[in-house]
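Hi everyone, thanks for coming. Let me walk you through a structure that may be new to you, one piece at a time.

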Amino acid sequence: MTAPDDRLTPAVAAGVLGADVLHAALLQSIVDNARAIFLARAASIMLYEPEGNQLVFEAVSGEGEGRIVGDRLPATTGIAGWVLSSGESLIVEDVLRDPRFARDVAERTGYVPKILMAAPLLHEEETLGVLNVLDRERKQFSAGGEMQLLGMFANHAAIALSVVRASRRAKAVLERGQGDGLIVSRIAAALDTLDGPRRDAGLRLLQALDVLLR
Amino acid sequence: MAEDDRVNEPVLPAWSLEREAALRTLLRSPFPLPDARAWAWEGSTGKGVRVCVVDSGVDGTHPSVGGVERAVVVINDEHGGHSIVPDEEGDLFGHGSACAGIIRSLAPDCEIHSVRTLGRDLTGAGAILIAGIAWAIDEGYDIVNLSLSTTKSQFVPELHELADRAYFKNTVLVSAAHNMPVSSYPWRFPAVVSVGSHSGTDPLEYYASADPPVEFLARGVDVELAWLEHSTIRATGNSFATPHIAGIAALTLAKHPGLTPFELKSLLRAAANNVRSAA
């Protein structure tokens, strides 16, 4: 039996189960930075949840911070819905003239913005969610620079969100005890029951599989 | 540049230029058309030209849109394919109406049709977009406004084939460049008319791009747009530059029916604000 400190199963599980706090901090840092760079009143990351066809606030900086994380909006209506559906960014200079935005978002969040910059979070040809920046106070950058910077933050957020999503799916697999990911967990658990030559042989087999699958 | 000067600087999407930079990019046309714009569309209202907006649907009742001849939607059917059925829901997002409103403002007498490819279900969005474009081409529309694109590489071969099919059937696909510097399609194909933005405010002002794959730069910054529930908003994006070119193309085709896509594209280039005739 492998010593507790060397066991793989807890390492696999802990890598997933203990990641929530770090992931939340990562997403928060992205919206904090976006809000600071754009001198905006608010910035947020919304994750698309296909199961309920909704966008959920994952991180909020500025207006609404601490209040609306976890709130959900229908994914297929309004500006955020278009950005998600089309995979295209949009900048609206007077967003409250959109009656649906006023009802769905502003009333819910309690904040009434004027300017909305929204970008899709594109990762590996998939749109994972939407980045919003509200009411940037002044344009600090050269023409074209703002849109480019918005895209860079969106790219950063997309990578982070893909990590978060993968971690949550792995966590769900471990907690349910089913699914393809469980095979990895079972192999880790089986190796933990071995020692000596059999464990070494098992690890060599995994290393060979690693080379084969690359 | 003084700090105050930057306050009012426009925000430009990717594949776009400030108006002043576009003006400085002087190009030459070999055609002896010293007043190409007048020859191309002066006096035209777009009458007789059928324009299809493939987008989120179009609200024909919006005052700026002024009616839609026909509105259909692409849906997933039970056999794993797609069906085209009448669109009972209309514009779910506002974007399609925005594009239609721009086209109407430039070519008031053209026919505007709508194919909705964005819906409440995001499943199979790329395949639905392709089905919508294919239907529009088969229906023989003169112009198809595509202020949409897909980043999914699996759809590139089909989209390429559709772009070529449209080209040879004399259907002009006017396609928006992505606002972010990502690879998306079909705007990158030479068989379509690809559009980015400039920062000017004149709706008939457009430029030939010296930076492919974007071919034209039209008004796409701080554009007043038709939007949901008869509202209007002001927004920026290459998707709003695209219907400007579609509208100008409609004016041109109404005055010169039967132009092929390559003839139309050559004429549009010759008529651009930064192109000078060899004559």
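Let's begin with a question: what percentage of the contacts in chain A with a separation of 6 or more comes from residues 24 or more positions apart? For chain A, that share is 56%. Please keep in mind as we go that this is a predicted model.

Staying with chain A, you can find 7 helices and 6 strands there. If you trace chain A along its sequence, the elements come in the pattern α-α-β-β-β-α-β-α-β-β-α-α-α. Chain A has 214 residues, and 49% of them are buried.

Now let's look at a sheet. Eight strands, drawn from chains A and B, form an open sheet in the order β3(A)-β2(A)-β1(A)-β6(A)-β5(A)-β4(A)-β12(B)-β11(B), and the pairing is antiparallel. At the edges stand β3 (72–74) of chain A and β11 (223–226) of chain B; each has a single partner strand, so one side of each has no neighbour in the sheet. From one strand to the next, the twist averages 30°. Helix α3 (residues 78–86) of chain A packs on this sheet, where it touches β1, β2, β4, β5 and β6 of chain A. The direction of that helix makes about 140° with the direction of β6(A).

Over at the chain B end, β11(B) and β12 (residues 232–236) of chain B run antiparallel and are joined by 4 bridges.

Next, two helices of chain B. Helix α7 (residues 238–255) and helix α8 (residues 261–270) pack at an angle of about 110°, and their axes are 11 Å apart. That angle falls between 65 and 115 degrees, so α7(B) and α8(B) count as roughly perpendicular. Which residues meet here? From α7(B) come B:Ile245, B:Ile248, B:Ala249, B:Thr252 and B:Leu253, and from α8(B) come B:Leu264, B:Leu267 and B:Leu268. By type, this contact has 7 nonpolar residues, 1 polar and no charged.

Last, the aromatic rings. Over all chains, a search of the whole structure finds 7 aromatic pairs. One of them is tilted: B:Trp41 and B:Tyr206, at 6.1 Å centre to centre with 45° between the planes. This pair links distant parts of chain B, as B:Trp41 sits in helix α3 (residues 36–41) and B:Tyr206 in strand β9 (residues 206–208), 165 residues apart. Are these two residues buried or exposed? Both B:Trp41 and B:Tyr206 are buried. Ring pairs also bring in B:Phe216, making a cluster with B:Trp41 and B:Tyr206.

How values were computed:
Residues numbered from 1 in each chain as written. Chains lettered and ligands numbered in written order. Predicted model: local features only at pLDDT ≥ 70, side-chain atom pairs only at ≥ 80, totals over all residues. Heavy atoms only, no water. Phe/Tyr/Trp six-rings, centres within 6.5 Å; stacked < 30°, edge-to-face > 60°. Buried < 20%, exposed > 50% of the residue type's maximum accessible area, 1.4 Å probe, protein only. Pairing = 2+ DSSP bridges. Axes fitted to C-alpha atoms, helices over the stretch in contact; angles between N-to-C directions. Contact = heavy atoms within 4.5 Å. Parallel < 35°, antiparallel > 145°, perpendicular 65-115°, else oblique. Nonpolar A, V, L, I, M, F, W, Y, C, P; charged D, E, K, R; others polar.
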